[in-house]
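This briefing is intended for a reader who has the sequence and the coordinates at hand.

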Amino acid sequence: TRVQFGAGLSPDGGSSYQRLLDFVGAAQNGSVGLLFVHGTNPVYSAPGAGVSEAIGRVGFTVSFSQFLDETSQLANLILPDHDPLEQWNDFEPGGGSYVLQQPVIRPMGDTRQTGDVLLSLAAQVGGAVAGQFSAASYKDYVQASWRQLQARMGVAGSFDTFWSESLQTGGRHTDTSLQSVRLASGVGQLSFAAWQSDDREMPLIVYPSSSFYDGRGANRPWLQELPDPVSKITWSSWVEIHPDTASERGIANGDFVELATAAGTVVVPAMLYPGIKPGVLAMATGQGHSQFGRYATDRGANAFAVLNPAATEFGGQSFYTTANVSMTNDHERLANNVGSDRQLGRGLAQSTTLALIEEGEFHTFHVAHAAEVPEHAERAAEQWQDRQLAEWKIGNYAGPHPRWGLAIDLSRCTGCSACVTACYSENNIATGGKEALHEGGEGDEPLTVELLPMMCQQCGRAPCEPVCPVFAAYHTPDGLNAQVYNRCVGTRYCSNNCPYKVRYFNWFDHGNPNDAAFSWPDPLHLLLNPDVTVRSKGVMEKCTFCVQRIRGKQNTAAIENRPLRDGEIQTACQQTCPANAIMFGDLKDPNSRVSQWASDELGYHVLRAGVPRVRRPQYGPRSYLFD
């Protein structure tokens, strides 16, 4: 059994799409006197359902949005809610899980949690309403609910102990009985009719954005600059179309096309993608806001505008439609940081199958675009690889110092790029904006998607170090290829010498509000990490395995007169990875998890990929791909 079904999701407290349509009907009849809007933006996400007209017929509308979005701008009163990082809350996602949320910072603005507003309102109303919601604060209300949960679960002891343990573990989780399920009639029967090149209508699939979801994250520049896991496009909308279909239509990469359905019309650039079925279109949600702050307003197109606003038989909205496709005279360079798809015949991205593992064959090479390497370059690369491997060996770092290493389990990595945003946040990296990114190339053949996260390899014999004229790049005793930012004079010799191309140069002074480039306008300066310097124009950037976190935990262990524990240090990318695909630790400790990953037979180091395998400890990505 591959999938086991327990208790279903708990929809209490939320509103379904059908309930939204019910509200629209009731408001149009004039039977809604007061409307509270919390945690949703239906004017944007259901533009064809008539929500804006319905709000106009409501007697009084209160929005608890933190931002002036499409819905809150129609409200009579806006009472901004706390940020989730400032809130007490609890959730029941289903499956016997009860989850707690606690604030990690004090409120930074003139806001108030929605729960406290409603409790205060109940107290003023009085009577039975006040009796049902008699807590002094929303935290007290949550605790009262968890007192009842303790009784239902039969947990002995004081409530203070129950509450403290629940906070430490993030909640309570209980086993639930398995449920037998079956597909409802009609599910799984969606099919595409045979498409002809002269057909005007094409099937269009609208899917949730991996960064913005339904659009709620579009006003965050970190997420705008986060590349899509497959297309690597940022700061834009696009519609995916197969290269063969585009060729028949005369559509080039970046050409704006008009998609017209019975519900509405959007104009969006085309992205030629060989991974989509010929004759089918696909577009992500999230962009196309008319009101949502400086980074989201008037950016891209709203995919919800072309969807049928009617509910399906299951109570939700259909995300499948057909669209008439027509050309426009506009074109743009897609903001794409896809990089190179060439592997130079070296099999840099490796994967294997379960069958090959059983046969004792661990690695297969997927070479997208092979290219001949000059003989002299091949010899130089072999010599450099051999010398690097000698430095990579764990035993070369003698003495009391650890040997820091990081490994990635490629079988777990989903390509979500949450690690990228975590690095931006931790290390005070500014977003460059759409204009600062290049258009990337697209292959013209179907490609096998191989995920290969790349960060500084902290080379043992680092080519970047000897070429720095001011010794800004140097090696630490614990194996880090360090960078002294305030010593760097910006020659970029280190970047030229980096075989992995993971160094980046600051062309602009992002911290200067007078600079013409993107900066940290108020209040974005509050997100800067005080443990990391803000690099100025002319300084080279690089990954340091979050050295500020390493040194902080080392200092703590020294004060407490104890050794560091395995897993005590977590890099920002490791901490954020939802798949637990990143492991960091001491390679000299044979019991550390990163050491065990590095010694795995399936482990490999990128630039050793084309060399015959030998069974020796190496750190670097592991590669599992079970077919």
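Does Arg 147 count as buried, partly exposed or exposed, and at what relative accessibility? Arg 147 counts as partly exposed, because its relative accessibility is 48%, between the limits of 20% and 50%. This residue belongs to helix H6, which covers residues 138-153. Its C-alpha lies 8.5 Å from that of Trp 163, a residue 16 positions away in sequence. The model is predicted, and the points below are grouped by topic.

**Confidence**

- The average pLDDT of the protein is 80, and 79% of the residues reach at least 70.
- In residues 365-370 the pLDDT falls below 50, although the model gives this stretch 17 contacts beyond near neighbours in sequence.
- Residues 439-446 also have a pLDDT under 50, and the model has 17 contacts for them beyond four places in sequence.

**Overall composition**

- The protein contains 16 helices and 20 strands.
- Of its 627 residues, 43% are buried.
- Among contacts with a separation of 6 or more, 69% join residues 24 or more positions apart.
- The accessible surface amounts to about 33,100 Å², and carbon and sulfur atoms account for 52% of this area.

**Nonpolar patch and open sheet**

- A nonpolar surface patch consists of Leu 34, Phe 36, Phe 60, Leu 77, Leu 118, Leu 121, Val 125 and Val 129, which together have about 650 Å² of accessible area.
- Strand S1 (34-37) and helix H4 (114-125) each contribute at least two residues to the patch; the largest share, three residues, is that of H4.
- Val 129 is located in helix H5, residues 127-132, and is partly exposed because its relative accessible area is 36%.
- Three strands form an open sheet in the order S1-S2-S3, with parallel pairing.
- S1 and S3 (77-78) are the edge strands, because each of them pairs on one side only.
- Two bridges connect strand S2 (residues 60-63) with S3 in the parallel sense, and Ser 63 is placed opposite Ile 78 of S3.

**Helix H12 and its surroundings**

- Helix H12 spans residues 418-426, and its buried residues include Thr 421, Ala 422, Tyr 424 and Glu 426.
- The packing partners of the buried residues of H12 are helix H8 (221-225), helix H14 (547-559) and helix H15 (572-576).
- Just after H12, Asn 428 adopts a positive phi of about 55 degrees.

**Salt bridges**

- The structure has nine salt bridges.
- One of them joins Glu 426 to Arg 549, with the closest N and O atoms 2.9 Å apart. Glu 426 is in helix H12 and Arg 549 in helix H14, so this pair ties together parts that are 123 residues apart in sequence.
- Glu 426 counts as buried because its relative accessibility is 10%, whereas Arg 549 is partly exposed at 22%.
- Arg 412 forms a salt bridge with Asp 409, and their closest N and O atoms are 3.4 Å apart. Arg 412 is partly exposed at 34% relative accessibility, while Asp 409 is buried at 2%.
- A network of salt bridges links Glu 560, Arg 562, Arg 565 and Glu 568.
- Between Arg 562 and Glu 568, the closest N and O atoms are 2.7 Å apart; Glu 568 is buried, with a relative accessible area of 15%.

Key. Residues are numbered from 1 along each chain as its sequence is written. This is a predicted model: local features need pLDDT of at least 70, side-chain atom pairs count only at pLDDT 80 or more; totals for chains, interfaces and linings use all residues. Side-chain values use heavy atoms; hydrogens and water are left out. pLDDT is the predictor's confidence in each residue, from 0 to 100. Contact means heavy atoms within 4.5 Å. Patches are made of residues with over 30% relative accessible area and no salt bridge: like charges are joined within 9 Å, nonpolar side chains (Val, Leu, Ile, Met, Phe, Trp, Tyr) within 5 Å. Accessible areas come from the Shrake-Rupley method with a 1.4 Å probe; for residues, only the protein chains shown count as cover. A salt bridge is a side-chain nitrogen of Lys or Arg within 4 Å of a carboxyl oxygen of Asp or Glu. Helices (H or I, at least four residues) and strands (E, at least two) are DSSP runs, numbered from the N terminus. Buried means under 20% relative accessible area, exposed over 50%, partly exposed in between (1.4 Å probe, protein chains only).
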